[in-house]
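I opened a new notebook page for this protein. The entries below follow the order in which I looked things up.

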Amino acid sequence: MRSNIPGNTSLSGIGSTGQGTEHVGDSFVMTVNIPQQLKRTEFRFVLVSKRAKAPVEKQWTTINNYRFDNQMLRNWLAQGGNYGVCCGYRGLVVVDSDDPLIAERSQERLGVTFRVRSGSGRGFHDYFTVEGMHKKEIFERDGKHLGEAQFVGQMVVGPGSIHSSGGIYEIVNDTPICNVNVQKFTSLYDFNGNWRGRYLHGKNPWHGARTGTNFTIDTEANLWTCWRCHCRGGVARAIALKHGLLANCPDVLSKAEYRRVIDLAKRHYGWK
Ligand SMILES: [Zn+2]
């Protein structure tokens, strides 16, 4: 942990831990600084008690959240409080991974993004802005297995905050926040498969597989293949199958069904 020159309260010279020291009264207090990547006027932050994880105020998802430059938030941080980053604002999604494999995969497929190591020392918070992301639910199916993609109504403890163990929520990739589209994002987190190059192999998400894998997603062409039914489809039929408009992989969409798919795509997947 770095210590600044006593009395130096300027923002310069603060390391990537987001921590600095500030001279308050007779003692030096560790202060938290919100990093540049999060200083966007569309993002919102909440007050979290010193070494705690949960928001202090009620109604933090609606009323009691603040811009990075809010004076109350700044005072709170100056007094050694923790803070939380609200997910869902401006498409902000934080992938909370307990499993290092997931963190690796995310980096490999989506690129290096702003990453914070949890103050517990276990797991990472990977920050993304996801275009077309509307709900958390599309990530829930394998949520348990992969960790969670935190979105609207959720928050994560912000970088620079201190965990109850004393560990710092430390920035490990001090890079910009990656912007990805929702299809790319869901192909990574909504489907439990194995990557081979651009292909993702797994069990058919609609009718499953009795043994092994029977389903492949070509993540570049955005096409899927069901090897049991010997058929192939694109995004529209995937949505139709997922939402029960079609019952079997080889089924074809009628014009009316196609219009309903467009509707679903608008409502659930941010299609414009
Ligand atoms: Zn099939």
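I call a residue buried if 20 or more other C-beta atoms, placed from the backbone, lie within 10 Å of its own, exposed if 12 or fewer, and partly exposed in between.

Two notes on conventions. This is a predicted model, where local features need pLDDT of at least 70 and side-chain atom pairs count only at pLDDT 80 or more, while totals for chains, interfaces and linings use all residues. Numbering starts from 1 along each chain as its sequence is written.

**Confidence.** I looked up pLDDT, the predictor's confidence in each residue, from 0 to 100. The protein averages 81, and 78% of the residues score at least 70. Helix α3 (residues 143-146) has the lowest confidence, with a mean of 44, and strand β3 (residues 45-48) has the highest, at 98. Residues 1-17 stay under 50 in pLDDT, and the model has 21 contacts for them beyond four places in sequence. A contact means that two C-beta atoms, placed from the backbone, lie within 7 Å. Residues 137-146 also stay under 50, with 15 contacts beyond four places in sequence. Where pLDDT is low, the predicted coordinates should not be read in detail.

**Secondary structure.** I found six helices and 16 strands in the protein. These are DSSP runs numbered from the N terminus, helices being H or I of at least four residues and strands E of at least two. Among contacts between residues at least 6 apart in sequence, 59% join residues at least 24 apart.

**Cores.** The largest nonpolar core has 44 residues, and Phe 45, Val 46, Tyr 83, Cys 87, Val 93, Val 94 and Phe 128 have the most contacts inside it. A second, separate core of 12 residues includes Phe 215, Cys 226, Leu 241 and Val 261. Such a core is a set of buried Ala, Val, Leu, Ile, Met, Phe, Trp, Tyr and Cys residues joined through C-beta atoms within 7 Å.

**Sheet.** I traced an open sheet of five strands in the order β12-β13-β14-β15-β16, with antiparallel pairing. Strands pair if DSSP finds at least two bridges between them. The edge strands, each pairing on one side only, are β12 (193-196) and β16 (231-233). Neighbouring strands of this sheet are turned by 20° against each other on average, direction ignored. Strand β14 (residues 215-218) is joined to the antiparallel β15 (residues 223-226) by four bridges, and Asp 218 stands opposite Leu 223 in β15.

**Positive phi.** Asn 222, in the loop between β14 and β15, has a positive phi near 60° without being a glycine. Asn 222 is partly exposed, with 13 other C-beta atoms within 10 Å. Gln 59, likewise not a glycine, has a positive phi of about 55°. Gln 59 sits in the loop between β3 and α1 (71-78) and counts as exposed, with 9 C-beta neighbours inside 10 Å.

**Helices α5 and α6.** The axes of α5 (residues 235-242) and α6 come within 9 Å and cross at roughly 85°. I therefore put α5 and α6 down as roughly perpendicular, a class that covers 65 to 115 degrees. The axes are lines fitted to C-alpha atoms over the stretch in contact, with angles from 0 to 180 degrees between N-to-C directions. Ala 236, Ile 239 and Ala 240 in α5 meet residues of α6 including Tyr 258, Val 261 and Leu 264.

**Tyr 269.** Tyr 269 lies in α6 (residues 255-269) and is partly exposed, with 18 other C-beta atoms within 10 Å. The C-alpha atoms of Tyr 269 and Val 182 are separated by 7.2 Å, although these residues are 87 apart along the chain.

Definitions and conventions. Parallel < 35°, antiparallel > 145°, perpendicular 65-115°, else oblique.
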